[in-house]
Amino acid sequence: MSFLKELWRFMMARKKFWLFPFLLVVLIFGGLIVLAKGSAVAPFIYTIF
């Protein structure tokens, strides 16, 4: 949790607002990978890629 706080402070202090969309995309893809690991949704997620 401290990593997220530190990342947030870095982005606010350095004005790195362009990192927000990048992090959002990474989190979405990470969530899709977790869902695809062993669920019934996996075949539908694989067709996206």
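Student: Which helix has the lowest mean pLDDT?
Tutor: pLDDT is the predictor's confidence in each residue, from 0 to 100. In this predicted model, local features need pLDDT of at least 70, side-chain atom pairs count only at pLDDT 80 or more, and totals for chains, interfaces and linings use all residues. The chain has a mean of 82, with 88% of its residues at 70 or more. Helix α1 has the highest mean among the elements, 88, while the lowest, 71, belongs to helix α3 (residues 42–48).

Student: Is Met11 buried or exposed?
Tutor: Met11 sits in helix α1. Buried means under 20% relative accessible area, exposed over 50% and partly exposed in between (1.4 Å probe, protein chains only). Because its relative accessibility is 3%, Met11 counts as buried.

Student: Which residues does Met11 touch, not counting residues up to four places away in sequence?
Tutor: Contact means heavy atoms within 4.5 Å. With those sequence neighbours left out, the residues that Met11 touches are Lys16, Phe17, Leu19, Phe20 and Leu23.

Student: What share of the chain is made up of buried residues?
Tutor: The chain has 49 residues in total. Met11 is one that counts as buried. The buried share of the chain is 10%.

Key. Residues are numbered from 1 along each chain as its sequence is written. Side-chain values use heavy atoms; hydrogens and water are left out. Helices (H or I, at least four residues) and strands (E, at least two) are DSSP runs, numbered from the N terminus.
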